[in-house]
Each structure stands twice: as C-alpha cells, then as structure tokens.
Amino acid sequence: MRGIYSVVLFCAAPFLAPSATTSVCSPYTFIGRVMDASHDAFSSNRVAKIEAANANGDLLARTKTFFRADSRRNYALQIPMATGEVDGYAIQNATLDIAVTDDLGKVWRGVVVNPEVGVPGGVREVDIILGEDMDGDGIDDSLYARLKAQWEDSDYWRPGETFDPHKDYDGDGMSTIAEALAGTNPYDPEDVFRITAFSSSSSSALAFNAVGGRSYTVVEAHSLSAKDWKTREFFLPDSDVPANVLSVPSGSRSSSSTVYLLPSGTNAFFRVRVE
Ligand SMILES: [Ca+2]
Ligand SMILES: [Ca+2]
Ligand SMILES: [Ca+2]
C-alpha cells in the first residue's frame, strides 16, 4: 500500500467458528476517499456512513468518513474475514454491496467498482464517488447543473447556445467537464492542468500545477496511441523513497510540483493523470 496511513494488520489467533475447519483471520481493508461527483472529498463538516454487506444483504462492516488535513483519504473500512462461510464474515473473492449514506440522509448504493475482497489482511485503495445520473448522459446531474450555472454567469455564455460540458469554452485545451474533475476553473484559460516543465538529463523531472484534494500519478507508454499506459514510479523532492502517487491535501493552494522519475533506460511518452 502507499500513502500516509500505515495500516498494519496482524492475523489474530484463529478461533473455532461454527465449522471446525473454518477460522477467522485478519480483516480486509478498503481505504480511500469518499467524494462527490466533482471529486471534492467530504470535508470536516460532512460525514458519510459507509456500510458493506454480503450478497444476502447481511451487514459485514460499518464506518464513517473522517477528516485529516494532511491526507487525501477520508475512510477506512475493515471487512471481517474467515476461511469459510460464517455469518458476518466475508471470504476471499467475495463481492460486496457498498452503501453510503451522506450527511443529508441520502443513500447511494453499488458505487464501488468491482469491490472484490482479496487475501485476508490485504489492503486495497478504492475511492468512492457519489454520483447521480438520472438523465443517463454519463455526467453527474448536480455537477452538470453547477457547471451550466457558472457558464451562464461567465463571459463565454452566448444567447441561444446550449451548454455543452464537453466543449472547451476557455480554449485552454481541456473540456469543461475535464477541468471540473481536475479542479481547475473551466472559464479561466490561465487556470489549466498541464505539465509545465520536463527535463530528461540524468533523472527525468516532470513539473505540473497541483491542486489541493487531488492526487497525481505518472503513466508512460512507448507510443501515443498505446492502449496500456503503465504507472511510473518517481521520487518526490523531499523523499528518497520511490512513490507512485502525489497526493495533495485538501485545502492546499494550487502550486507547481515537481516529481523525479526513476530512470528506465528506454524512451517513453509520459502523461500525468489527475484524480
Ligand atoms: Ca446526467
Ligand atoms: Ca477549458
Ligand atoms: Ca481553464
């Protein structure tokens, strides 16, 4: 696992469960960020309840979001694990139903993609995005409404024109919806997510403007048309431990960040992915 939280799990001494051959072991942990469709994390004044149930609807675990200014993560959910079928426990490869109840009492279900439980004691990073798309256009309805209202208020609004979130209104190369997800202003051409510098001397350095509450990974491929972009490890300026994600705490100001890529000896194309 990676990041600020170091979840150390020990396998508790197994005890006998209903079947003599079934034992209870370390829980499986999901960690990550509960966020709204704008990719803004739930903050200190918004607490969501997270519940995991098995396919029969039996509740396995429940937790709440928390707030820590120095971390992008705001939840950790421990799924009790057993080596066989026991009420209240999950087995490896189990699929879970996740339900999140937000601070207004609204319930969201099935929001985690492929919540497959791995080896007991394992940890998996899963971000939970609470979205609602009643009109089926692939965009969260409240995010669409917010962007449209901002557009109608901006210099880019034209009478008779229909709002299109896929359009790049401020002409900075990123669509309005992409800017909203990256945390930049869709109606300000000066505010855009881009790689601002690249040098490839002894160690390759990538610089880009990073926004609070977002995380950044570097992916590489050997051609621009490649389908598979692989994660590339890097060093942060203040660390000599390789990392594969740069997380910027919520509330931080937008700032220029530089990461130093580990040398690989081959030429590659790089992209910085923002989440
Ligand atoms: Ca929609
Ligand atoms: Ca734009
Ligand atoms: Ca912009």
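Over how many bridges do strand β3 and β4 pair, and in which sense? The legends below, which accompany close-up views of a predicted model, begin with the whole chain and then return to this pair.

**View 1. The protein chain as a whole.**
The protein chain of this predicted model contains two helices and 17 strands. Of its 275 residues, 25% count as buried.

**View 2. The pairing of β3 with β4.**
Strand β3, which spans residues 49-53, pairs with β4 in the antiparallel sense, and five bridges join the two. At one position of this pairing, K49 stands opposite K64, a residue of β4.

**View 3. The open sheet of four strands.**
The sheet is open and its four strands follow the order β4-β3-β6-β7, with antiparallel pairing. Its edges are formed by β4, residues 59-64, and by β7, residues 107-109, each of which pairs on one side only. On average, and with direction ignored, neighbouring strands of this sheet are turned by 15° against each other.

**View 4. The open sheet of three strands.**
Three strands in the order β5-β1-β8 make up an open sheet in which the pairing is mixed. Because β5 and β8 (123-125) stand at the edges and have a single partner strand each, one side of each is left without a neighbour in the sheet. Neighbouring strands here are turned by 20° against each other on average, direction ignored.

**View 5. The pairing of β1 with β5.**
Strands β1 and β5 run antiparallel and are joined by seven bridges. Within this pairing, F30 has L77 in β5 as its bridge partner.

**View 6. The largest nonpolar core.**
The largest nonpolar core holds 24 residues, of which V34, I50, A52, L77, I79, M81 and A90 touch the most other members. Two or more residues are given to this core by each of β1 (24-32), β2 (34-36), β3, β4 and β5 (75-82), and β5 gives the most, with five residues.

Terms used
Residues numbered from 1 in each chain as written. Chains lettered and ligands numbered in written order. Predicted model: local features only at pLDDT ≥ 70, side-chain atom pairs only at ≥ 80, totals over all residues. Pairing = 2+ DSSP bridges. Axes fitted to C-alpha atoms, helices over the stretch in contact; angles between N-to-C directions. Buried ≥ 20, exposed ≤ 12 C-beta atoms within 10 Å, placed from the backbone. Core = buried A, V, L, I, M, F, W, Y, C linked by C-beta atoms within 7 Å.
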